[in-house]
Amino acid sequence: MTDTPAPATGTAQAGEGTGSRTARAWRHGWVVETAAVGAAVLIHMVRPVTWRRSVRREFVHFMGIAGVDIVPTVVIAAILAGLGLLFQGLWWLEQVGQGQPVRNIIHTVLVREVAPLAVGLLSIGHSGLIIVNELSRMRADGRLRALDSQGIDPFVLFVVPRVAALSVSLFCLTMLFAAIAPAAGLLTALLLGVTNLSFSAVLVSVLSTIGAQGYAVLPLKSLGIGFAIGTVCCVTAMAEPSNPNRSGDDARLAVGFFRSLFLMFLVSGTISVLVR
């Protein structure tokens, strides 16, 4: 009877262990990849040759998805935020008589922090997941590879206009939120008789409380958050699946959502620390 050689289990296990360690080490490599893709998107965005007719068409198409379609949701969220924050500040001002610090804090938080984060969260759940779903399906169906074989760069055609459209739409929606939320809280306070001040007096007080830095933070945060969300969603959608045996659609959407959420808070916190 011929002896068969024993399988090299130790070598196989060592190889599997090395592979798992490499996978764990590169698990957070998406941050580096997102930064690299973001730099490439910025370079292409400032080049006039990038914005051909097909790219402009994609930009306008996704502006309608990321901007126009979500306007009713942003308006409702702004009204609720204004009722919950500005109305409380005016109520404490009249009831306690020491509400000026409370009002200043609420005005600042409402415009500088709540507005970009609330709109960013709504954009993640709507536009970000649409990007992940569309691009991942294009990649799975081979449409991106087919375009590349025809000499059409999918990065320029799909990634650049989507990131640009999401950045611009999030900026516009944040401005809309910041305008509606104080107005909703102020009108409610006047209708309920919470404050004896006139509409113009309270409006001037709100605008002066926000300050020049507050208005400078809004564009920085909104554009930065929109750019980060669009970039990380495109990276998540077009990346190779880590486990081909796993159903990728639901897992990829979940990964894109939590990555976008992480970058949103990171960008917001960084800008808040740098611009005080």
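Let me start with a question: is R143 buried, partly exposed or exposed? At 44% relative accessibility, R143 comes out as partly exposed. The cut-offs are these: buried is under 20% relative accessible area, exposed is over 50%, and partly exposed is in between, using a 1.4 Å probe and protein chains only.

Quick housekeeping before we go on. This is a predicted model, where local features need pLDDT of at least 70 and side-chain atom pairs count only at pLDDT 80 or more, while totals for chains, interfaces and linings use all residues. Residues are numbered from 1 along each chain as its sequence is written, and side-chain values use heavy atoms, with hydrogens and water left out.

Okay, salt bridges. Side chains of opposite charge can pair when their charged atoms come close. Here, a salt bridge is a side-chain nitrogen of Lys or Arg within 4 Å of a carboxyl oxygen of Asp or Glu. Counted that way, there are 4 salt bridges.

Back to R143: its partner is D141, at 3.4 Å from N to O. D141 is exposed, with a relative accessible area of 55%.

Next, look at E113 and K221, whose side chains meet in a salt bridge at 2.7 Å, N to O. These two are 108 residues apart, with E113 in helix 5 (residues 99-141) and K221 in helix 8 (residues 199-238). By the way, helices are DSSP runs of H or I with at least four residues, numbered from the N terminus. E113 is partly exposed at 25% relative accessibility, while K221 is buried at 0%.

Then there's R162 with E134, where the closest N and O atoms are 2.9 Å apart. R162 lies in helix 7 (residues 154-191) and E134 in helix 5, so this pair ties together parts that are 28 residues apart in sequence. R162 is buried at 3%, and E134 is partly exposed at 23%.

So who else is in on this? Which residues do salt bridges with shared partners join into one network? They are E58, E134 and R162. E58 is also one of the buried residues of helix 3. Helix 3 covers residues 53-68 and reaches 21 Å from its first C-alpha to its last, close to the 22 Å expected at 1.5 Å a residue; that expected span is 1.5 Å times one less than the number of residues.

Now over to helix 8 again, where T236 sits. T236 is buried, with a relative accessible area of 3%. A polar atom of the T236 side chain lies 2.7 Å from the backbone oxygen of V232. The T236 side chain also has a polar contact of 3.3 Å with the side chain of R259. A polar contact is a pair of N or O atoms within 3.5 Å; within protein, one must be able to donate a hydrogen and the other to accept it, and residues adjacent in sequence count only if both atoms are side-chain atoms.

Last stop: helix 2 (30-45), helix 8 and helix 9 (248-274) each give two or more residues to the lining of the second largest pocket. On a 1 Å grid over the protein atoms alone, a pocket is an open set of points with protein on both sides within 12 Å along at least five of seven lines, and lining residues have an atom within 4 Å of a point. Which helix gives the most to that lining? Helix 2 does, with 7 residues. Among the residues closest to the pocket's centre are T34, A228 and V267.

Note on methods. On a 1 Å grid over the protein atoms alone, a cavity is a set of points where a 1.4 Å probe fits but cannot get out, and a pocket is an open set with protein on both sides within 12 Å along at least five of seven lines; lining residues have an atom within 4 Å of a point.
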